[in-house]
Amino acid sequence: MAGQARTGSSHASVGISVADVVAQALEVVAERGVAGLTMAAVAERLGVRTPTLYHHVRDKAALLRLLARDAFTSFAADQAAYEDVTSVEAWIELTRSGSLRLRDFYAAHPGLAGLVQATAGQDRYQDDLSRGRLARSQIEALARLGVSAGEAKEVFEACARWTLAAVAARTAPGDPAPDEERLFLRGLDWLLSGLRADLARVVGRSADGSSRAQPNTEG
């Protein structure tokens, strides 16, 4: 299929995996930004000729899409932690710490936030690469607490878009200025405070409904 990362025996022939391609592409982005990402630069870091890279990724457009979908393997611990969430407060705290790490990750890779935002289609929740897995872990944690699928997706989108927008609003690359840091934290805490209250009501209604649905087995 056009524009897709290629798989097959060509990977094994030179010992390159899709994960290797993404990792080296991220290194290039950290140095040059997304605007400076080229197939030649990634191939050089992989230690192969540029034509060899085309056996793994069809073209630069496919490389950018792959990067947007699979740049988040370093957040595997967050994904696993969401599987253990048993309360709204635990979800809020995990999302707050994850948002801070995600903000720093985007800031360290100039242009990546915009790339992710531009490629965030409705199918990303079904994607089995790292972006899709991380999104689903947050949504599924809310579903286990009793939040509907639609509401859980909206909550995830609100948090993700806040972080993306905050990174895009930075006045300069690198470490945030004191005002930017303060405003990001205040905005994030205001957002999560509202979500905490809304989710508590939703989960409370779900629990009440479950209780009422239980049959009376007493004689």
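Trainee: How does α9 pass α10, in a left-handed or right-handed crossing?
Mentor: The crossing of α9 with α10 is right-handed. A crossing is left-handed if the near helix is turned anticlockwise from the far one by less than a right angle, and right-handed if clockwise. This is a predicted model, where local features need pLDDT of at least 70, side-chain atom pairs count only at pLDDT 80 or more, and totals for chains, interfaces and linings use all residues. Residues are numbered from 1 along each chain as its sequence is written, and side-chain values use heavy atoms, with hydrogens and water left out.
Trainee: Which residues make that contact?
Mentor: Helix α9 brings Ala-135, Gln-138, Ile-139 and Leu-142. Helix α10 brings Ala-152, Lys-153, Val-155 and Phe-156. Contact means heavy atoms within 4.5 Å.
Trainee: At what angle do α9 and α10 pack?
Mentor: About 130°, with the axes 9 Å apart. α9 covers residues 130-145 and α10 covers residues 149-168. Axes are lines fitted to C-alpha atoms, for helices over the stretch in contact, and angles run from 0 to 180 degrees between N-to-C directions. The two helices are therefore oblique to each other. Angles under 35 degrees count as roughly parallel, over 145 as roughly antiparallel, 65 to 115 as roughly perpendicular and the rest as oblique.
Trainee: New topic. How many helices and strands are in the chain?
Mentor: The protein chain has 11 helices and 0 strands. Both are DSSP runs, numbered from the N terminus: helices are H or I, at least four residues, and strands are E, at least two.
Trainee: Which element has the lowest mean pLDDT?
Mentor: Helix α1, residues 9-14, at 44. Helix α3, residues 39-46, has the highest, at 97. pLDDT is the predictor's confidence in each residue, from 0 to 100. Over residues 1-13 the pLDDT is below 50, yet that stretch has 22 contacts beyond near neighbours in sequence.
Trainee: And where else does pLDDT stay under 50?
Mentor: Over residues 211-219. The model gives that stretch 0 contacts beyond four places in sequence.
Trainee: Back to α3. Is Val-42 buried or exposed?
Mentor: Val-42 sits in α3. Val-42 is buried, at a relative accessible area of 0%. Buried means under 20% relative accessible area, exposed over 50%, partly exposed in between (1.4 Å probe, protein chains only).
Trainee: What is Val-42 in contact with, neighbours within four places aside?
Mentor: Val-21, Gln-24, Ala-25, Val-28, Leu-37, Leu-53 and Leu-63.
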